Amino acid sequence: MQPDLSVSELVIRTSLGPDGAKLPDTRLRAILDLSPDELVEWLRTQDQAPFRAKQIRRWLIERRVTSFDQMTDLPAALRQQLAEHFRFSPFEVVGHQIAKDQTEKLLLRLHDGELVECVLMRDPDRRTVCISTQVGCAMGCVFCASGLLGVKRNLSPVEIFEQVLVLHRLMKDDERITNVVVMGIGEPLANYRALMESLTFLTAEDGFGLGARRITVSTVGLPDKIRELAQSGHQYNLAVSLHAPNDTLRTKIVPINRSIGLKEILAAADEYFEITGRRISYEYVLMSGINDRPEHAEELATLLRGRNAHVNLIPMNGVNELVMTAPRDPDTQQFLSILERRGVTATVRKRKGADIDAACGQLRLNRELS
Ligand code: SF4
């Protein structure tokens, strides 16, 4: 099903617009790629006081400025030095869509010209940001625009956490990001080291300061990495993308499943729960006629019986290039009631940004194919 796209409702901004806006020098290092100690060290080389590091990081992380020039409590000479040595951000915003429900989606261009996306979703009591961890994805899930072009490279830590900051800077002064879901383009656990570094920044007191329990890492299920995450001592939430209740169907939907298998994934998720005490979420994208039949719901209930789990049912978002379609509402409701009747807690996720290219990777795909 195609989103009810109404271009007049969208705001689309681009730094490559008809005015030929000048881009920053992409050879420079992004300022937040420097650790606090590295920043102090750099300040020393510029004959600047070490205490300036805290001021600079405060502007970058907490305040909603978009250039060094706006850091008004820094001496003009230092602002100039910063602009000569660093990029303010590791990417340029080249696309910006705002949906009727105030969901905002950004298309970001990285220093090497590659594109990624991030999304801000607004609910009455929370502001959730969805971020990407790779350029493209190797997992090849059949319903997903991100996997259509394969994976090009991993994102660096600053390229991951800065997505949160760029959305934070777009928000109104009285709004704050309350939750982060690592569910955008890419398989987060396939870029484990950079993921962990970026989450450390997001949770650190001298970083973004978000509670670990407000962060959810979503995976198709890489058992070794799930175990490593469990042993890491953090309280991140884990979401496992299931999408099918048996291996035959799951391998068709999530091809990587062929070499792993549901049994191994569920065993690793069970260990995650035992070690962290965090209830596991199982994500299930419903596709009409493929995995949304009553027998699939019954089988899923049997699979998850006795586990401390929550199922998120996600009616598929339409993607032009794919043949799968969204489920019918009555089928979604029936699926939900079967799970509930069998004692499995489940919710249907509300569609966000239905009038923009809201499916994961769709904005990037449209730009790559145009
Ligand atoms: S759904 Fe996630 S894991 Fe699957 S191809 Fe898309 S980005 Fe990759």
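Of the contacts in the protein with a separation of 6 or more, 68% join residues 24 or more positions apart; contact means heavy atoms within 4.5 Å. This is a predicted model, in which local features need pLDDT of at least 70 and side-chain atom pairs count only at pLDDT 80 or more, while totals for chains, interfaces and linings use all residues. Residues are numbered from 1 along each chain as its sequence is written, and side-chain values use heavy atoms, with hydrogens and water left out.

Colour by secondary structure to see 11 helices and 14 strands. Helices (H or I, at least four residues) and strands (E, at least two) are DSSP runs, numbered from the N terminus.

Next, select the open sheet of 10 strands, whose order is β3-β4-β5-β6-β9-β10-β11-β12-β13-β14, with mixed pairing. Two strands pair if DSSP finds at least two bridges between them. The edges are β3 (91-98) and β14 (345-348), each pairing on one side only.

Seven bridges link β3 to β4 (residues 104-110) in the antiparallel sense, and Ile-98 stands opposite Glu-104 in β4.

Axes are lines fitted to C-alpha atoms, for helices over the stretch in contact, and angles run from 0 to 180 degrees between N-to-C directions.

Then select helix α10 (residues 329-341), which packs on the sheet against β12 (280-286), β13 (309-315) and β14. Its direction makes about 165 degrees with that of β14.
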